[in-house]
Amino acid sequence: DAVFNWPDPLLSTLDDALYRPLFSAASTFALNCGPRDNSTIAAQWLRLAYHDAATYDVTTGLGGLDASIAYEYTRPQNPGAGMLESLVDFAVSPNEYVGMADFIAMGAINAVIGCGGPIIPFRGGRVDATEAGPATVPEPQQDLATHTAKFAAQGFNATEMISLIACGHSLGGVRKVDFPLVVTEDVSTGVQTFTPPPTVNQTVGFDNTLVHEYLDGTTQDVLVVGSNITTRSDLRIFSSDNNVTMNQLADLNTFNEVCVDLIGRMINTVPSSVTLTDNIEPFDFKVWNTLLFPQGGSLAFLATLRIIENGLTGTVTMFWASRSDSGSPCPPSGCSVPSFQVSPAESSFLATLKGVPSFNLHSFNASIDLVSSISHFWFEVDNNDGSAPFVVDNNGKNYTIDQDVVLFDPRRSSFTIAGQFIVVGVKDPATDINVTALSTVSGSSPIPMPSNTVLQLKLDTAHPPADGYTFYTAPLPDAVLSNTIHATVNGTAYSEWVPFLSAPGV
Ligand code: HEM
């Protein structure tokens, strides 16, 4: 599994998106297999992921799950309102380090569990395409040889083709408006679902009902029994090995295992130039949302330690070490402060399934000597149960504060709708000052892909120099998602990632 060494913006963002519903609006949408367009959001997300991944070509190593679907969904092989709707679901989630492709992959995982299916492990680090890929998505009127060849190009053999489709077509159905030549009969809802929806609501669970109904001859899958024989692609594929594979999938455990493997491989189908992270499980200890800025004659340092623990029995102390010997430096054992607040934080449904019903957030607010400053920090956790207190120090590497020369200032900045601007403090004395921010901005319809824009910060006339810092500012673009500050001061380059647009206590 992936090891989190703070700050690691990629792993930090992915962990939040996977396990903290607060940070991934979309992660909650597919819960309970909720309906949309007479199908389900989950079905739309799973189909989106497949159509995105289906551009992969094993011989060139190009394509795969790279969000190129954002440039392809208007093609005749990708019809359906669910494509754009699903992309818009994910549009507010990316930042500079995590693109749309990772959220499309997460969407497939959340789709399957949202409809009661098994947990597919998640690996991150996909890279977003900047243009459309080849038009290689299978279509129902194509013959078996064409489909077999297309799946082979995507890295799946003939048996895996049968299984992957049986997994995928567990959810949703075929819309008459998009496939009038496939759904030839009238359907009151406009969608011929692959399996009958439960009568109480519209939702369809992720399971092997389709397999059973196919084998016992009761299926209503229009790609098996539709009156248009040319578009019976599921029938041609499912029966292509004399139903050997379908008979194996009739066992629910086998079905779940096979789907975890194949949908997992599908979402991990990425260009050969991309290296994915290891599996991301909820991190035991996660430092989160640290902020260091000048305030009222000292440096304010805010930090939160997220812990997986039961109840609120533990106490946590934060320690830090000075940066310099002058001023009022910390003793060798470190300056320390207890947490000012411990609060439970909701975990995602996926985290719950992994045995993490909630997290505890231990928040710290330290006042640090301006001159001796801070070089690194760590924590001591006492579970108050007789066991020895232990140190949490970033896997022995310490939580290192790179620099105190260029600091994002959350209190002088403003993130209200009325006026959004970023303020950065630069430590005096400074010459040759150039402060910029790379802002990641949410995309919107018709191509809801994030983009990056560079802001030039100027001397902030509203905030006069204070506490040995001079302030620089720039207005933020609408729909800004996150920022990274880059500065050159006295010939040295500095950068600071600003993942959130708000802060505890601000
Ligand atoms: C030969 C291969 C395939 C063909 C010809 C095919 C064809 C189709 C067609 C015609 C629809 C109806 C789409 C709509 O009306 O919105 C559909 C829906 C769907 N397909 Fe496939 N499919 C194939 C493979 C797959 C695979 C491999 C997966 C995923 C693992 C998948 C997942 C889905 C899902 C979830 C839906 C339901 C979408 C919804 O209800 O919104 N399909 N498929």
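Predicted model: local features only at pLDDT ≥ 70, side-chain atom pairs only at ≥ 80, totals over all residues.
Reader: How many residues surround the ligand, then?
Author: 27 residues do. The closest are Ser39, Ala43, Pro138, Gly168 and Gly172.

Reader: Which elements give two or more residues to that shell?
Author: Those are α2 (41-53), α6 (158-168) and β3 (173-175). The largest share is from α2, with five residues.

Reader: And by class, what is in the shell around the ligand?
Author: There are 13 nonpolar residues, 10 polar and four charged.

Reader: Switching to α4. Buried or exposed?
Author: Mostly covered. In α4, 15 of 15 residues are buried.

Reader: How far does α4 reach from its first C-alpha to its last?
Author: Helix α4 (residues 100-114) reaches 20 Å. That is close to the 21 Å expected at 1.5 Å a residue.

Reader: What follows α4?
Author: Glycine 116 does, and its phi is positive, near 85°.

Reader: Now the sheet with β21. What is the strand order?
Author: β18-β17-β21-β22. This is an open sheet of four strands with antiparallel pairing.

Reader: Which strands stand at the edges?
Author: β18 (451-456) and β22 (492-498). Each has a single partner strand, so one side of each lacks a neighbour in the sheet. From one strand to the next, the twist averages 20°.

Reader: How many bridges between β21 and β22?
Author: Seven, with β21 covering residues 480-489. Threonine 484 stands opposite tryptophan 497 of β22.

Terms used
Residues numbered from 1 in each chain as written. Expected span 1.5 Å × (residues − 1). Buried ≥ 20, exposed ≤ 12 C-beta atoms within 10 Å, placed from the backbone. Pairing = 2+ DSSP bridges. Axes fitted to C-alpha atoms, helices over the stretch in contact; angles between N-to-C directions. Near = placed C-beta within 6 Å. Nonpolar A, V, L, I, M, F, W, Y, C, P; charged D, E, K, R; others polar.
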